[in-house]
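Please look over the sequence and the model before reading on. The points below follow one topic at a time.

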Amino acid sequence: MPTDDKDELARVRAEQSGVLTTAQAVDLVGRSALRRHLNQERWRSVCRGIVLTGNGQLTRSQQLWVATLAAGPGARLAGRAAATEAGVKGLAAEPLDVLIPAERHRSGRLARLPADMARVRVHRTSVLPAEHLQLGRPPRTTSARAVVDAASWAGGPRESQMIILSACQQRRVTPERLRAVLGRLPVLRRRRLIAATIADVEGGVGAHSEADFLTLCRRHSLPRPDMQEQRPDTTGRMRYLDAYWRAARLHVEIDGSHHMDVRQWSADMLRQNRIWISGDRILRFPAWLVRSEPAAVAAQLREALATAPNPYP
């Protein structure tokens, strides 16, 4: 091959992690050379229309390119795959979500992917404005659109909330950007839950247990507490209260698994004592109880609010 053609092949291979469409390969090396590479097993046919310019197992980066190219023109990484590429950690690696224009049909290539390829899940959309598109290799949606889509496509409400909370807690997106994306998607699965979770984050919720607690308050018609309220303790150190009803002087702690640690438990008890000394009351609930026995938790909260010096209605 002429030097210029070799340079172009090297560039495209580098940009696309060694994954090419058959059309790209023919343009770059010619049909006979492509056939020779495949026959001599220097290159590998991944599926109809997609080749790997090597013969090894697919890496994660190559899987992303296969998913995008096999889905056809206009396809972009979306949902959890795009959010992970944007830096959100802790999301499931599969399936690889790909978004295509609504008028396009699902590609038949995706039904015949090899065993070392992650499962691909294709979604269609009629709403994909320019501000939702992210330049990248491979092309993907923006972080905010990816998180909103991932929450909509999640397997259940808790996973949906977790995706939003994780992305915001890791500072990969802001509630404002999520709300802007949501405003462009009037028809969306779990739209109300996503909007409520974004509002919870804006109100100070930073953990799934706290989101569960706010959900409990809404479902049992309890007044909304302030979340992650800042206040100094008797030593002057700034503390964060999980949930706080100021007028009732009622503070709720939601204990996660870390409270099984004896030292942590002892420190928390001392902090609780300081708050009691100052005149506030504290109720403590383990996170698992908030999820499994919400009615019992709500009953105690209602009783505590009703017997406060300034009771809530």
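1. Rings of Phe, Tyr and Trp (its six-membered ring) pair if their centres lie within 6.5 Å, with planes under 30 degrees apart counted as stacked, over 60 as edge-to-face and the rest as tilted. A search of the whole structure finds 1 aromatic pair. Phe213 and Trp245 form this edge-to-face pair, at 6.2 Å centre to centre and 65 degrees between the planes. Because Phe213 lies in helix 10 and Trp245 in strand 10 (residues 238-245), the pair ties together parts 32 residues apart in sequence. Helices (H or I, at least four residues) and strands (E, at least two) are DSSP runs, numbered from the N terminus.

2. This is a predicted model, in which local features need pLDDT of at least 70 and side-chain atom pairs count only at pLDDT 80 or more, while totals for chains, interfaces and linings use all residues. Residues are numbered from 1 along each chain as its sequence is written, and side-chain values use heavy atoms, with hydrogens and water left out.

3. The protein chain averages a pLDDT (the predictor's confidence in each residue, from 0 to 100) of 85, and 84% of the residues score at least 70. Confidence is lowest in helix 11 (residues 262-277), at a mean of 53, and highest in helix 6 (residues 143-153), at 97.

4. In helix 9, the buried residues (under 20% relative accessible area, with exposed over 50% and partly exposed in between, for a 1.4 Å probe and protein chains only) are Ile194, Thr197, Ile198, Asp200 and Val201. They lie on the same side of helix 9, because they cover an arc of only 155 degrees around the axis, taken from the directions from the helix axis to the C-beta atoms.
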